[in-house]
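Please find below a short note on the model shown here.

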Amino acid sequence: MEVCHTGMAGGLSFPAALAQYDQQTFTHHHIRIYLLITKLKRLPPIHALSAFEAVARQGSFSSAAEELHLSQSAVSKQVRTLEEHTRCPVFRRHARGIELTSAGAALLQEIQPALAQLSRGIERVRKQHDASTVSVIATHAVSHYWLFPKVIAFNREHPDITVSIQSDNAMSPAVIEEYDFGILYGRGDWPGLEARRLFPERVYPVCRPDLALPEHPTLQDLKALALIELDSSAWDCIDWVEWFAHFDEAYRPKPHSLNFNQVSLSYNAALEGLGVSLGWDFMVSQAIREGRLRRVGDFVYDSGKHDFLVHGGKKSLKPAAQTFKDWLS
């Protein structure tokens, strides 16, 4: 029996083919394929689903159009296509904007995780089969101050391998499987992940060389200086209160002190001469060697934690990823 490119016997539609041949000819496998094709035909286009999700998340057609790089009329057309498939409105339009209908809200709950899973699956397959690309996810500070210089040096030795860096402060152990590697901060005990130690957490005060300081500053001298505060309430990071407590010193931030919620901002404030910042060794060591920063005293807080190169423990690394891992070690 000749099968055409559509998978149907002799070019017949599946219902016609079923009528022509008996049950022994068409197995349950063929019937399952037919049912799957039928279900897929009933789905709205993926562009319509994406447009609806973007409008619902952004709260407006114009913002969704900007995100999707489409015109507002094109997005509206995609949403109308979806409404034709669902046979009910998904948005309620009024003078103040739009809001989801009950059907739209129910649909959004189904679509968002499905689109996210589809996106992750496609990206994972693409990266796994791109033999010459190694993907790494890390925080902004680690990506910029530690990983990026390493990648430049690695590329000089291995120009045939591309290292793709994803910088994300909201990363967690749960997303590591979507990349070849991640760099996580902690004690190296993440279930399901293989971890290799990269560098320890060492934190000490730094400032610009021309900032006026006592010759041999004590901890009391340090507390009297213009300290650049670090708000770490939203994430796991050492601030001045914890740093001084390590040396059994109580500390209370001064009113109206400079305050930042990112170590990179505190670091740049120190470079500008705005005060004394906590410096993480992996970030500030090069600036100290180059004379752009200097240490304030000999105090160092070794937290006992490290940054680790991690990857899924159940999957084997592709050759390019193994080369990068061995090179970092």
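**Surroundings of Glu-229**

1. Leaving aside neighbours within four places in sequence, Glu-229 is in contact (heavy atoms within 4.5 Å) with Trp-240, Tyr-251, Pro-253, Lys-254, Ser-257, Leu-258, Asn-259 and Phe-260. This is a predicted model, in which local features need pLDDT of at least 70, side-chain atom pairs count only at pLDDT 80 or more, and totals for chains, interfaces and linings use all residues. Residues are numbered from 1 along each chain as its sequence is written, and side-chain values use heavy atoms, with hydrogens and water left out.

2. Glu-229 is buried and lacks a salt bridge. Buried means under 20% relative accessible area (1.4 Å probe, protein chains only); a salt bridge is a side-chain nitrogen of Lys or Arg within 4 Å of a carboxyl oxygen of Asp or Glu. The nearest side chain of opposite charge (Lys and Arg count as positive, Asp and Glu as negative; His and the chain ends are not counted) is that of Lys-254, 6.2 Å away.

3. Strand S6 (residues 193–207) pairs with strand S11 (residues 301–312) in the antiparallel sense over 9 bridges. Strands are DSSP E runs of at least two residues, helices H or I runs of at least four, numbered from the N terminus; pairing requires at least two DSSP bridges between two strands. Within S11, His-306 is the bridge partner of Pro-200.

4. In helix H4 (residues 61–68), the buried residues are Phe-61, Ala-64 and Ala-65. They lie on the same side of H4 because they cover an arc of only 100 degrees around the axis, taken from the directions from the helix axis to the C-beta atoms.

Conventions
Buried < 20%, exposed > 50% of the residue type's maximum accessible area, 1.4 Å probe, protein only.
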